[in-house]
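Subject: Handover of a structure and its findings

Dear colleague,

Please find below the structure that I am passing on to you. A summary of the findings follows it.

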Amino acid sequence: MKEKITKINLGDIFSLCDSIDKDRKYKDQFSELNKKLLKKYGFELPVQVMKYSRDKYHEVLNVPHVIIRIANILIKKTAKESEVLQIENPSALYNLCAGLEDDVAVSVNGDVGSFFASTVKAGNYRIYGNAGRSLLANATAGRCIVEGDADEGAGYCNQGANILIKGNTGPRTGIQMRAGSIITLECLVFGSGLYMAGGNILCLGEKIGKDLGPGMVGGTIYVPYIGKETLGIGTIESKLNSEDYNTIENMLQFFPTDLRVEKISETILVINEKEHDFSGYRKIIAEKD
Amino acid sequence: MKYWGANKMCGISAIIPERKIEGISKKLVDMLIAQQIRGADSAGFALYHEKNDNYGIRVGHHVREEEKIKELIRSLCVERKINEIKIDNLTTNSLEKYITCFYRVEPEKNISEIINAIDNYRGEAWLINYGTSLDIIKDVGLVSDVNKKYSIDKLEDILFGIAHVRTATHTEVTSRNAHPFSTSAMPDIAVVHNGEISNSNKLKNNLQNKGYRFFGDTDTEVIAVWIADKLNSEYSLQDACTEFIEVADGPFTFIVSIPTEVAFVKDRYATRPATAGYCEEGYWAIATDLAGLEAVNAKKNRDSLQPGGVKIFNLK
C-alpha cells in the first residue's frame, strides 16, 4: 500500500553531511556517512562514489556527486512507496529526479538545476520555480509543468513527454525532439525545434524568436505569426488545417488543471479566460514535407 | 546550506550592486562554491575597490626569478623616480613554483616601462593586472582552497566584482591560465569567460600587429585586449561588445568589467548558459548556473539574454 504524500527535504542531506567530522580520513568519513544514511534512509552509497569524489575534489562529503547521488537514490526509493513526492530545498541541484521510472507526482518547491528529470519513463512533475538547462532531456514519457522560466534546451531529445512552460523559455527549446509536446505560454526563442524529428511545439505567447526549427526533419512548430527571420534553414510555413486544430486541442488537454480550455469554434479556443484565434496561427514544418 | 550544480566547462559570476553594500567578496565566494561542479581546476576573482592614488601592479613570475623581478621593478622605481610603496608577496604555490606579487607604484606615466620590463621576461614573468581600482586574485584549486589561502570572503570595501571557476580545455592548469584576465592594453579591465573563441589566433595576430602584448595563450586574454583596444578607440563598452560578437567565432559567454560598467555578453547562438538576476537587497548577480543565483538570493527579473545579447550594468 502506497503512502499518499511524502516530503523530502534535501536540506537534510546537506545537514547530514555537515554533521560529520571532516578531520578524519576519507574512508572513515565515508563509512560514517554510510552509517548515518543507513540509519536515516535505509541505504548506503557504493564505495566508487567515495573514490571518485576523493580523486576529483579531495573531499568525500559535501561534494556534488555525493549529494546528488544521495538525493536521487532517496527520491527513487521514496517514489516506489508514495503517490506524491514533495521536494523541498532543491538548491538548483543538477540531475534531480533523473531516471525515475515510477508513475509518481513530484512537486518541487524552488529552482531546479540542469537536466531535471532527464531520461524519466513516467511521472508528473511540477516545479514551483525555475528550471536549468535540458529539462526532461531524453524523457520517454511523463508530464512536466514549470511555473517559472526554463533555461536552454527544455525538452532536449524529448521522446514522448509533455511539457508546459509558463514563464520564459531559453534558446533551443525542443532541440532534437522525437515525440511528445511542448507548450510555452510566454515565448519561443532562437533555435527552438533545432533538428526536430517529431512531436509538436506550441507557443501561445506573442514573443517569437528567429531561426525556428533549423534542420528539422519532422514534427510541427505552431506559432502565432511568422516574422522576417522566424523560419530556420530547411523549413517552410503553412496555414493550419483541421488536423492541426485537433492536434492543438489534444496538446492542451494534457494539462487540464493549468490550461482551462473552452471551445468556441473549431479555430477559436478560450484558454484560461483568454481568447486564442488559431486561424491566424502558422505552422513551421520541414521543407521536404 | 550548500548548493551544487555537474561537471561541465567553466562557471562565471558577478555581483553588481546599485549602491555600496557590504560582503560582496563573500557573495562571490558563495556563488563560486555553488558552481564548483562546473570547474575544479582553478578559481579567480576580480575585485574593484575605491580608486587609489597610486597604480598597483600584480605580477606573476617563476619563483626562481623572484629576486630579479623585484630588483627590476625596484630599480625602475628608483631610476624613474617612482616611489615604491609596497611590495607584498601574497602567495607561493609550491607545486607550480610560481609566485604573485603586488606592487604599488607612482606615477602613471612610467607604468609602461615596468610593463615593458615584465614583457622581456616572457615565459618567466607576466602581468596579471594593473590599475588604480582593480585587484585580480586567482589560483589553482577549489574555491574553498583559494578562499582559505587569500581570505577573499573577508576582504572589505569591495565595490563590485566578477569571478570564475575553470575547467581547463586548451591550456594547462596553472594560476597563470586561471581567470579573470586583464591586459596591459588598459588599466582596470577584467574578463571572465565560459566557452571558446575559435578564431582567437586570427584576432590575436591582428592585435599583436597593432603592438599589443599578450602574457598568456588563452583566448580569454584575446577578449580582454580586443575590448581594451576598442575602448581606447573611444568605443563605448556596449559598442565594443556588440562588435566583438560580430567578429568572434565559437561558443562563448563572458563578463567584462571596467570601473564604471560591467557587460554581460553572449555569442550569436547563445550556446553557453548564464543568467542575470536581481536581489532585493539592491544588487544584480550573474551566474552560469541558477545555483549561483540561488546562493545569493538573486531571484527577481531573471534575464538569460537572447543570442548576441549584451547587457550593460552601470556602476553609480
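Which residues have the most contacts inside the largest nonpolar core? They are A:Leu33, A:Cys97, A:Phe116 and A:Leu135, in a core of 71 residues. A nonpolar core here is a set of buried Ala, Val, Leu, Ile, Met, Phe, Trp, Tyr and Cys residues joined through side-chain atoms within 4.5 Å; buried means under 20% relative accessible area, with a 1.4 Å probe and protein chains only. Helix α4 (residues 64-81) of chain A supplies the largest share of this core, eight residues.

Please note that this is a predicted model, in which local features need pLDDT of at least 70 and side-chain atom pairs count only at pLDDT 80 or more, while totals for chains, interfaces and linings use all residues. Residues are numbered from 1 along each chain as its sequence is written, chains are lettered from A and ligands numbered from 1 in the order in which they are written, and side-chain values use heavy atoms, without hydrogens and water.

Leaving aside neighbours within four places in sequence, A:Leu135 is in contact (heavy atoms within 4.5 Å) with several residues, including A:Phe116, A:Cys144 and A:Ile163. Another core lies apart from the largest one; it has 39 residues, among them B:Tyr55, B:Ile162, B:Val262 and B:Leu315.

Cysteines

No disulfide (a pair of cysteine sulfur atoms within 2.5 Å) is found in any chain. For A:Cys97, the nearest cysteine sulfur is that of A:Cys144, 9.4 Å away. A:Cys97 is buried, at 1% relative accessibility. The sulfur of A:Cys157 lies 17 Å from the closest cysteine sulfur, in A:Cys144, which is too far for a bond. A:Cys157 also counts as buried, at 9% relative accessibility.

The sheet in chain B

Chain B holds an open sheet of seven antiparallel strands in the order β7-β2-β8-β1-β13-β12-β14. Helices (H or I, at least four residues) and strands (E, at least two) are DSSP runs numbered from the N terminus, and two strands pair if DSSP finds at least two bridges between them. Because β7 (134-140) and β14 (300-303) of chain B each have a single partner strand, one side of each is left without a neighbour in the sheet.

Strand β1 (residues 11-17) of chain B is joined to β13 (residues 283-287) of chain B by five bridges.

With kind regards

How values were computed
Buried < 20%, exposed > 50% of the residue type's maximum accessible area, 1.4 Å probe, protein only.
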